[in-house]
Amino acid sequence: MNRFETQVVWCTISKAVCQGLLGLCVAVGVVATRPLLAQDESADATTTFLVVRHAERDGNLDKLTKIGVERAQRLAAVGSALNVQAIYSTNTKRTTGTVQPLAKTTETEIETYAAPSKNWIASLKQKHSGQVVLIVGHSNTAGVIAGMLANDEPFEIKHNEYDAIFVIQVSKSGTRSMRLRYGSRSGSASSADPDKMGELKTTHQ
């Protein structure tokens with residue numbers, strides 16, 4: 001495992017996976033003169049899904065805190081650097097607010113979804129083949145969505161955890177998934193906690 005520290009993303013991933021992400025961990029919030037993940041429409045195109053929970057909310061209110069707004073800006077920096085081409089959100093203010101800065105920066109329409117299902121996941125993989133897609137969910141759905149995309153069990157997200165970003169790469173040759181972190185640290189885990197970061201699963205077709 002190699003570790004890289006950047007302003008936006010803290011991650012611990014294998015060299016092979018890092019190469020597959022075309023430099024995800026190279027200061028995406030500092031130096032990003034060109035998109036890090038370009039669109040690929042080849043027969044064996046790799047589709048990259050980024051799955052996050054909404055940013056910090058204000059108690060039980062459906063709106064973001066000041067820290068949540070700052071995290072949304074961080075996500076916009078990550079998404080812009082990684083060339084996000086499609087954005088999905090549930091129809092709540094805290095989720096749409098999390099991706100609104102990125103949508104505005106990239107001039108990308110936010111598409112809404114309801115409860116995630118296997119059919120919906122399959123349709124995303126087909127519709128966005130070769131693209132980079134961001135999906136924002138909730139504490140009880142983001143990990144489920146990431147697990148479904150990775151053909152795995154749901155990934156856990158703790159109640160006070162807002163900095164997790166799941167990266168799932170899907171191609172005909174296999175599926176790779178990893179858990180990274182972005183923005184300021186949330187929850188009780190340290191930024192170098194190996195249980196909070198790193199490659200989760202590699203499935204070969």
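Helices (H or I, at least four residues) and strands (E, at least two) are DSSP runs, numbered from the N terminus.

The model I am showing is predicted, and for that reason local features need pLDDT of at least 70 and side-chain atom pairs count only at pLDDT 80 or more, while totals for chains, interfaces and linings use all residues. Residues are numbered from 1 along each chain as its sequence is written, and side-chain values use heavy atoms, with hydrogens and water left out.

Let me start with the whole protein. It has five helices and nine strands, and from the N terminus on these elements run β-β-α-β-α-β-α-β-α-β-α-β-β-β. Of the 205 residues, 50% are buried, where buried means under 20% relative accessible area, exposed means over 50%, and partly exposed lies in between, with a 1.4 Å probe and protein chains only. If we take the contacts with a separation of 6 or more, 63% of them join residues 24 or more positions apart.

Now to helix H4, which covers residues 118-127. Which residues of H4 are buried? They are Trp120, Ile121 and Leu124, and because they cover an arc of only 100° around the axis, they sit on the same side of H4; the arc is that of the directions from the helix axis to the C-beta atoms. On the other side of H4 we find Lys118, Asn119 and Gln126, which are exposed. As for what the buried residues of H4 pack against, the partners are strand S3 (47-53), strand S4 (86-89), strand S6 (132-137) and helix H5.

Let us look at that last partner more carefully. H4 and H5 (residues 142-149) pack at an angle of about 60°, with their axes 10 Å apart; axes are lines fitted to C-alpha atoms, for helices over the stretch in contact, and angles run from 0 to 180 degrees between N-to-C directions. That angle makes H4 oblique to H5, since angles under 35 degrees count as roughly parallel, over 145 as roughly antiparallel, 65 to 115 as roughly perpendicular and the rest as oblique. On the H4 side the contact is made by Lys118, Trp120, Ile121 and Lys125, and on the H5 side by Ile145, Met148 and Leu149. By class, this contact of H4 with H5 has five nonpolar, no polar and two charged residues, where Ala, Val, Leu, Ile, Met, Phe, Trp, Tyr, Cys and Pro count as nonpolar, Asp, Glu, Lys and Arg as charged, and the others, Gly among them, as polar.

Finally, a few words on loops. In the loop between H5 and strand S7 (164-171) we find glutamate 153, which counts as exposed at 58% relative accessibility. Asparagine 151 lies in the loop between H5 and S7 and is partly exposed, with a relative accessible area of 46%. Most residues other than glycine have a negative phi. Asparagine 151, however, has a positive phi of about 55°, and asparagine 83, in the loop between H2 and S4, has a positive phi near 60°.

Definitions and conventions
Contact means heavy atoms within 4.5 Å.
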